[in-house]
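User: Hi, I'm new to this one and would like to talk it through with you. Could you put it on screen first?

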Amino acid sequence: MMDRMNMKRIAAEHAAGFIQNGMKVGLGTGSTAYYAIVTIGERVRSGLSIEAVATSQASEQLARELGIPLVPIEQARQLDITIDGADELDDRLRLIKGGGGALLREKMTAYNSKRLIIIADESKRVPRLGGFPLPVEVVTFAKEWTVRSLEALGADVKLRLDSQGDLYSTDNGNYIADCSFGVIDAPDELARELQRIPGVVEHGLFISMADMAVIGCSDGSIQTLTRSS
Ligand SMILES: O=C(CO)[C@H](O)[C@H](O)COP(=O)(O)O
């Protein structure tokens with residue numbers, strides 16, 4: 001039986017195979033995206049010609065170390081493909097993302113890509129979203145108001161802390177509110193409600209964004225899911 005890290009690795013390696021010469025590529029964030037970036041780096045060293053945009057400072061740094069050519073964000077136009085991880089995904093390829101705190105840049109990158117391919121180990125696939133607390137990026141100003149508005153939607157809210165016990169700051173200088181809703185019955189509706197709260201910069205529900213999920217399974221096989229609508 002394969003462990004989770006190897007499931008992530010095989011999913012990432014498989015998805016990296018979708019990248020072709022000349023493509024503009026979005027690089028995701030997290031431990032699964034790490035394997036994708038490493039594989040892309042190997043392909044670049046073997047002659048693959050691409051330009052990339054990273055979804056976090058950590059992924060940008062890794063890409064730079066591996067010699068993957070990066071486009072300054074001001075010059076980035078539409079990307080061909082983004083490969084990124086997820087914290088949860090359902091059968092309709094609705095996602096919870098943001099466990100690594102990069103959800104805003106991840107969503108912007110996905111939105112500006114022709115294709116979003118999600119890579120994950122099989123534990124991320126769930127019948128219904130909500131087991132993983134939904135990350136919501138909030139502005140620092142009057143965070144208590146925003147937290148109360150999130151609680152009013154039924155969430156148990158915890159502002160994320162960093163390893164020093166201070167409030168975690170995203171790459172954009174905002175906070176992350178981790179919102180436990182329990183099972184999310186209507187993710188599309190919740191996404192709309194969250195968008196209406198002033199103080200919410202972005203939330204980690206990715207609806208109608210992923211085109212395909214590549215899932216590494218414990219028996220060493222790869223499952224692919226594609227979005228039908
Ligand atoms: O959304 C993310 C970061 O903001 C990650 O893609 C998500 O947290 C999955 O991470 P991992 O691949 O380490 O399990």
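User: Which backbone nitrogen lies 2.9 Å from a polar atom of the side chain of aspartate 162?

Analyst: That is the backbone nitrogen of glutamine 164, which lies 2.9 Å from a polar atom of the aspartate 162 side chain. Please keep in mind throughout that this is a predicted model.

User: And where is aspartate 162 in the fold?

Analyst: Aspartate 162 is in the loop that runs between strand E8 (156–159) and strand E9 (175–180). Not counting residues up to four places away in sequence, aspartate 162 touches Leu167 and Tyr168.

User: Is aspartate 162 buried, exposed or something in between?

Analyst: Aspartate 162 is partly exposed, because its relative accessible area is 27%, and that class lies between the under 20% of buried residues and the over 50% of exposed ones.

User: Ok, switching to the ligand. Which residues are closest to it?

Analyst: The ligand is surrounded by 17 residues, and the closest are Ser31, Thr32, Asp87, Gly98 and Lys124.

User: Which glutamate has a polar side-chain atom 3.1 Å from an oxygen atom of the ligand?

Analyst: Glutamate 106 does, with a polar side-chain atom lying 3.1 Å from a ligand oxygen. Backbone atoms come in as well: a polar backbone atom of threonine 29 is 3.0 Å from an oxygen atom of the ligand, and a backbone N or O atom of glycine 101 lies 3.4 Å from an oxygen atom of the ligand.

User: How much of the ligand's accessible area does the protein cover?

Analyst: On its own the ligand has 380 Å² of accessible area, and the protein covers 91% of that.

User: Back to glutamate 106, what does UniProt say about it?

Analyst: The UniProt record, which is an unreviewed entry, carries the annotation "active site" covering Glu106. In the model, glutamate 106 is placed in helix H4 (residues 103–111).

User: Is glutamate 106 buried or exposed, and which residues does it touch?

Analyst: Glutamate 106 counts as buried because its relative accessibility is 4%, which is under the 20% cut-off. Leaving aside residues up to four places away in sequence, glutamate 106 touches Thr29, Thr55, Asp84, Lys97, Gly98 and Phe206. With lysine 97 there is a side-chain to side-chain polar contact of 3.1 Å.

User: What about threonine 109, where does that one sit?

Analyst: Threonine 109 is also placed in helix H4, and it is buried because its relative accessible area is 8%. Its contacts, again not counting residues up to four places away in sequence, are Gly26, Thr55, Leu79 and Thr82.

User: Which arginine side chain is joined to aspartate 188 by a polar contact?

Analyst: The side chain of arginine 94 is, through a polar contact of 2.9 Å with the side chain of aspartate 188. Aspartate 188 lies in helix H6 (residues 187–195) and touches Arg92, Arg94 and Ile207, not counting residues up to four places away in sequence.

User: How far apart are aspartate 188 and aspartate 178 in space?

Analyst: They are 18 Å apart from C-alpha to C-alpha, with a separation of 10 residues in sequence.

User: Last one, where is leucine 62 found?

Analyst: Leucine 62 is found in helix H3 (residues 57–65), where it counts as buried because its relative accessibility is 15%. Leucine 62 touches Tyr34 and Ile37, if residues up to four places away in sequence are not counted.

Notes: Residues numbered from 1 in each chain as written. Predicted model: local features only at pLDDT ≥ 70, side-chain atom pairs only at ≥ 80, totals over all residues. Heavy atoms only, no water. Near = heavy atom within 4 Å. Polar contact = N/O pair within 3.5 Å; in protein donor to acceptor, adjacent residues only side chain to side chain. Areas by Shrake-Rupley, 256 points an atom, 1.4 Å probe, with all protein chains shown as cover. UniProt positions renumbered as here; feature names shortened; annotations may be inferred. Helix = DSSP H or I, 4+ residues; strand = E, 2+ residues; numbered from the N terminus. Buried < 20%, exposed > 50% of the residue type's maximum accessible area, 1.4 Å probe, protein only. Contact = heavy atoms within 4.5 Å.
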